[in-house]
Amino acid sequence: MFATLSDRLSATFKNIRGKGRLSEADIDATAREIRVALLEADVALPVVKDFIAAVKERARGEEVSQALDPAQQIIKIVYDELVQILGGETRRVRFAKQPPSVFMLAGLQGAGKTTLAGKLALWLKDQGKQPLLVAADLQRPNAVTQLQVVGEQAGVAVWAPEPGNGVGDPVEVARSGVEHARQKLYDVVVVDTAGRLGVDEEMMRQAADIRDAVSPDETLFVVDAMIGQDAVATANAFLEGVGFDGVVLTKLDGDARGGAALSVASVTGRPVMFASAGEKLTDFDVFHPERMASRILDLGDMLTLIEQAEKAFDKSEAEQMARKLQAKGGKDFTFDDFLQQMQAVKKMGSLKSIIGMLPGAGQMREALDAFDERELDRVQAIIQSMTPAERANPKIINGSRRARIARGSGTQVSDVNQLVERFFMARDMMSQAASGKFGGGMPGMPGMGGMPGMPGVGGKKSKGKQSKQGKKGKRGARSGNPAKRAAQLAAAEDKRNQQPAPGQLPSAFGGGDEAPGDGNFELPDDIAEFLKKR
């Protein structure tokens, strides 16, 4: 969502990098570019004015004039001010001293309140709570049914005494839902109220009546982050008519300019508490202003990435993988281990969002946009088409085996070749990283972006001398005599089963019917140098 704003700010900062001192003209030009970037992102004008005034005041102060790197100091000032307009600090949920705690959702129709209710309930469940969803939206057709479906997906109970579709009293449903939760010992009640098509006085009174009936501990205003300046006007209307304690931003994965996220908290004085960025119930988390500011400035969001990894990866399994990579140069790491890691990565969310949390991800946005998430499914299909013996010892995967694996997975033999090649290369790199030879850091996932990566995310497909030589060997290396050709094939099979010599790639990189008979070919300089270090 913040791609355009991020790109504009990055271009602005490039213009002042390398300068030992910033003049008044430099500061004014930088402030002007930042102003244009914020206005193009649809940020509210009062917010932009206050933001630019604060940046210019601090930029002219001693903290920049005495800084060793003025450009970095300007970036820090912009980061600090972004954090402030996004709310300043993370706002945690308040729970009632005496259960049940009541959370009321309010907002425009179409903002995603019903789905958000299920996401919030699942998040509360993961926090050790026992939530109850209350279907108090009796206006929108099938809203009650939708909440029941979402509740079933989240594994939480739903209180829906009325069928909805215009039938029933939403105030009484909300009141009876809280009483039911008190009797059945539910920790939290999430009340889903009706949305409205605009600032409707009658519906606003209904929301106020529900608020008075249930006395919510948290009233959350749900706003679609894609509606731009309208979000500010709607938020102010709700603040006056109903009042709310915090904001929930939905559809942050959209391609709108994102000004709502940067405006609502500053204009209303109410913090953004949660953010939803996807259709899955798990695409929901606490909103951290400092992390969002870091993403906007293309500085990455490593804390969120680490938190997601901790949820997806089992600690004992991770330690076992590390031991495998450290022992015997990583030779005990198999395709089964790789598949297990890949499935854990998929639990973290889309690969695009994961890589997008890395610092500098904005520089490879085009490659990320072009990446096909189904590539992971194709890799999984290739691995699952291998026999247990092939997954345990990839070196036995010769030409005929590769052809069978390709047929079984519905892919091309070249896809199998590329996966096996990347597996060996990445296993060596991961083994070196696990042994500390790269000076620490996160070991790369074989087959993932840029480490070496899958096509479309930074990884490069193999091409050049190997394929050309393979074709040459295919045309001229074999005899036309059937007996002699059989002897040649037998000799080639023996060589494929032998361990590769130092500096020579294993035969699984292209042996069998599609590679030269002796398995030798010229290596690129960087790979040859890498193999010598081993």
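How many residues has the largest nonpolar core, and which of them have the most contacts inside it? The core has 98 residues, and those with the most contacts inside it are Phe-13, Phe-51, Val-78, Leu-82, Leu-120, Leu-262 and Phe-274. The model is predicted.

**Nonpolar cores**
- Another core, of 22 residues, lies apart from it; Leu-325, Met-342, Leu-376 and Ile-405 are among its members.

**Strand 6**
- Strand 6 spans residues 246-250 and is mostly covered, with five of its five residues buried.
- In a regular strand the side chains alternate between the two faces of the sheet.
- Here Gly-246, Val-248 and Thr-250 point one way, while Val-247 and Leu-249 point the other way, and all are buried.

**Pairing of strand 6**
- Strand 5, residues 218-224, runs parallel to strand 6 and is joined to it by five bridges.
- Asp-224 has Thr-250 of strand 6 as its bridge partner.
- Strand 7, residues 272-276, also pairs with strand 6 in the parallel sense, over three bridges.
- Leu-249 has Ala-275 of strand 7 as its bridge partner.

**Asp-298**
- Asp-298 sits in the loop between helix 12 (289-296) and helix 13 (302-312).
- Asp-298 counts as buried because its relative accessible area is 17%, and buried means under 20%.
- Asp-298 and Asp-7 are 291 residues apart in sequence, yet their C-alpha atoms are 8.5 Å apart in space.

Conventions: Residues are numbered from 1 along each chain as its sequence is written. This is a predicted model: local features need pLDDT of at least 70, side-chain atom pairs count only at pLDDT 80 or more; totals for chains, interfaces and linings use all residues. Side-chain values use heavy atoms; hydrogens and water are left out. Buried means under 20% relative accessible area, exposed over 50%, partly exposed in between (1.4 Å probe, protein chains only). Helices (H or I, at least four residues) and strands (E, at least two) are DSSP runs, numbered from the N terminus. Two strands pair if DSSP finds at least two bridges between them. A nonpolar core is a set of buried Ala, Val, Leu, Ile, Met, Phe, Trp, Tyr and Cys residues joined through side-chain atoms within 4.5 Å.
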